[in-house]
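Reader: I would like a close look at a single residue in this model, together with the setting in which that residue is found. Please take it step by step.

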Amino acid sequence: MNKTGKIGRRLGGRTGEPFTFIFDDSTIEAWPGESVAAALLAAGQVVLRIAEDGGARGVVCGIGLCWECRCVIDGRPNVRACMTEARAGMRVRRQQGLE
Ligand code: FES
């Protein structure tokens, strides 16, 4: 578990300085070069969207193929978290349905 009490961790060394972005009401720590999805998983956030049928969805492929990780990022819906580099201050929301 990480310091938030949630399951999640990072592998390997990191370079640069960490920064934060917002996911719903949480502050998420990220490192330079990390995707939004990687930072969210490391923070223990595994549900990145709620599907049209009400089911929870998250990272499946991690390489941009399945679209299960799509979030609302800086106001834009249907953005793949696994293909988006995290930036300081960005605002990410768990997507609800098709939005
Ligand atoms: S996890 Fe499959 S597209 Fe992002």
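Author: A strand here is a DSSP run of E with at least two residues, and strands are numbered from the N terminus. In this predicted model, valine 79 lies in strand β6, which covers residues 76–80.

As for burial, a residue is called buried if 20 or more other C-beta atoms lie within 10 Å of its own, and exposed if 12 or fewer do. Valine 79 has 17 C-beta neighbours inside 10 Å, and therefore counts as partly exposed. Leaving aside residues up to four places away in sequence, valine 79 touches Arg70, Cys71, Ile73 and Thr84. A further pair can be given as a distance: valine 79 and glutamine 95, which are 16 residues apart in sequence, are 9.5 Å apart in space, taken from C-alpha to C-alpha.

Turning from the residue to the protein around it, the secondary structure comes to one helix and eight strands, and the order of these elements from the N terminus on is β-β-α-β-β-β-β-β-β. The radius of gyration of the protein is 13 Å, close to the 13 Å that the globule rule gives for 99 residues, so the protein is as compact as a globular protein of that length. Along its principal axes, the C-alpha trace spans about 40 × 25 × 25 Å. Of the 99 residues in the protein, 28% are buried, whereas valine 79 is partly exposed. Finally, among the contacts in the protein with a separation of 6 or more, 44% are between residues 24 or more positions apart.

Notes
Residues are numbered from 1 along each chain as its sequence is written. This is a predicted model: local features need pLDDT of at least 70, side-chain atom pairs count only at pLDDT 80 or more; totals for chains, interfaces and linings use all residues. Helices (H or I, at least four residues) and strands (E, at least two) are DSSP runs, numbered from the N terminus. Two residues are in contact if their C-beta atoms, placed from the backbone, lie within 7 Å. The radius of gyration is taken over C-alpha atoms; the globule rule is 2.2 Å times the number of residues to the power 0.38.
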